[in-house]
Amino acid sequence: MIQPPPLNTAELQAMDRAHYLHPFTDHKALGAQGTRIIERAEGIWLWDSDGNRILDAMAGLWCVNVGYGRTELAEAAYRQMLELPYYNSFFQCANPPAVRLASAIADIAPAHMNRVFFAGSGSEANDTVLRMVRRYWDLKGQPQKKTVIGRINGYHGSTVAGASLGGMKPMHAQGDLPIPGIVHIPQPYWFGEGGEQSPEDFGIWAAQQLEAKILELGVDQVAAFIAEPIQGAGGVIVPPATYWPEVKRILDAYEILLVVDEVICGFGRTGEWFGSQYYDLTPDLMPIAKGMTSGYLPMGGVIVSDRVADTLIEEGGEFFHGYTYSGHPVAAAVGLENLRILRDERIVDYVRKDAAPYLQERIAGLIDHPLVGEVRGVGLLGALELVSDKTRRARFAGDGRAGGLCRDICVRNGLVMRAVGDTMIMSPPLIISRAEIDQLVELIWRCLDLTAAALKE
Ligand SMILES: *Cc1c(COP(=O)(O)O)cnc(C)c1O
């Protein structure tokens, strides 16, 4: 193998500026500033091209669940590439890793979910969701049942269907989204939108928006409700304890499908295999991606309940839907090895019994910082609300300047946290140790102090 000659940071940045259109990026601003080049990683740590070591409290983009530097995953990919680098699953074919991965996922999924449709990403998984939900109701003889209800500030990906199912206003504003047949209800975001109500009352109110929307549209028009167990990209929004039980009551009363988007919560993030198990939900479909391969290769999928799968299989004939890379053998081999690691190292148990209680206890202490108005989290997901006056839940001007400032200070001080407006969020690799959690919390304190000082200027 011939290695290309190494490039220094300035050379890489110049090439990047000239040729690389980045996702979710203001290119003019990035061009002026220069890209941060991440060169290597190990465990929970990243190194950039200037040699800085950075604690990755986001696990990449919520995905590197087993941590960086896992040679087993590299070897699984290498072996599979030599054996069979690609073959499709169309035309009555399959490959061993894809078959085994489907079976292994069915083993950890809720008991009524036994089949998997493979995709290349979370966005593709949600395109499949929209196709599958509509196909299901067609087969049930109710073709008018087409509308999907999502939530404002939910995130389901960036393709046309994914962005439409999601409720991100800035995404909708670019490209006339959502597409017809997708509507949104308010989110269960008490800190931001709960006003004078208690979290419990607000949770009931937010859930009842689903019932109100179903009645407004007519239940004969509504195909499904889609939601993340805990909103990730929206700002790690943990719903009030009353929310999911009330949603369940409503779903039991009306015949519509429940789609639980497990792209972040799946594969151990909450201390259960899936967020649906954490909240005791009974989904009809679960889109998955991210932690499915710990991000080592792109892969997504939809876990399908027996009710939906049996209808598609028994009554459906051919479903005209699929991707070239559905069930990609190398991605599947990595997914399978990733599941083996999660299982053999008892990582989900470690999150539930050890890492999550410890992280939540340690970050809860950050409420003593003058900038922090709320700390919340579940499993290895956490959020801090930056406020101008914590006694009144008073927020900074809604431009996200405080959050952006804090995020930049974090990176300069060796910590990746993400800012959603003025909400700082984290989602570290599941293998983070107690000692590393201590380091993380120390870094956060220091960066909050620096942010508070910078805001005073
Ligand atoms: C990231 C994400 C997606 C989209 O996944 P991609 O692989 O980026 O397409 C969908 N749903 C949720 C909940 C996500 O967090």
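What volume does the largest cavity have? About 30 Å³. The model shown in these views is predicted.

**View 1. The largest cavity and its lining.** The structure holds one cavity of 30 Å³ or more. Its lining is made by Val-129, Leu-130, Val-133, Val-148, Leu-165, Ala-224 and Val-259. Helix H6, residues 122–139, supplies the largest share of that lining, with three residues.

View 2. Strand E1 covers residues 38–42. E1 and E2 run antiparallel, joined by four bridges. Glu-42 faces Trp-45 of E2 across the pairing. Two residues lie between the strands of this hairpin. Gly-43 takes a positive phi there, near 65°.

View 3. E3 spans residues 53–56 and pairs with E2 through three bridges. These two strands are antiparallel as well. Leu-46 stands opposite Ile-54 in E3. Four residues separate E2 from E3 in the hairpin. In the turn, Gly-51 has a positive phi of about 85°.

View 4. E2 runs over residues 45–48. Trp-45 and Trp-47 point one way, while Leu-46 and Asp-48 point the other way. Are these side chains buried or exposed? All are buried. Arg-53 lies over the face of Trp-45, at 3.6 Å from the ring centre.

**View 5. A charge over Trp-137.** The ring here belongs to Trp-137. Over it sits the charged end of Lys-145, 4.7 Å from the ring centre.

**View 6. Aromatic pairs.** The count of aromatic pairs comes to nine. One of them joins Phe-267 and Phe-274 in an edge-to-face arrangement. Their centres are 5.4 Å apart, with 65° between the planes. Both Phe-267 and Phe-274 are buried. Why is the pair of Tyr-278 and Tyr-279 edge-to-face? The planes of their rings stand at 85°, so the pair is edge-to-face, as planes over 60 degrees apart count that way. The centres of these two rings lie 4.9 Å apart.

**View 7. The cluster around Tyr-278 and Tyr-279.** Tyr-243, Trp-244, Tyr-278 and Tyr-279 form one aromatic cluster. Tyr-278 counts as partly exposed, because its relative accessibility is 38%. Tyr-279 is buried, with a relative accessible area of 16%.

Methods
Residues are numbered from 1 along each chain as its sequence is written. This is a predicted model: local features need pLDDT of at least 70, side-chain atom pairs count only at pLDDT 80 or more; totals for chains, interfaces and linings use all residues. Side-chain values use heavy atoms; hydrogens and water are left out. On a 1 Å grid over the protein atoms alone, a cavity is a set of points where a 1.4 Å probe fits but cannot get out, and a pocket is an open set with protein on both sides within 12 Å along at least five of seven lines; lining residues have an atom within 4 Å of a point. Grid points are joined across faces, edges and corners, and a volume is the space filled by probe spheres set on the points. Buried means under 20% relative accessible area, exposed over 50%, partly exposed in between (1.4 Å probe, protein chains only). Two strands pair if DSSP finds at least two bridges between them. Rings of Phe, Tyr and Trp (its six-membered ring) pair if their centres lie within 6.5 Å; planes under 30 degrees apart count as stacked, over 60 as edge-to-face and the rest as tilted. A charge sits over a ring if NZ of Lys or CZ of Arg is within 6 Å of the ring centre and within 35 degrees of the ring normal.
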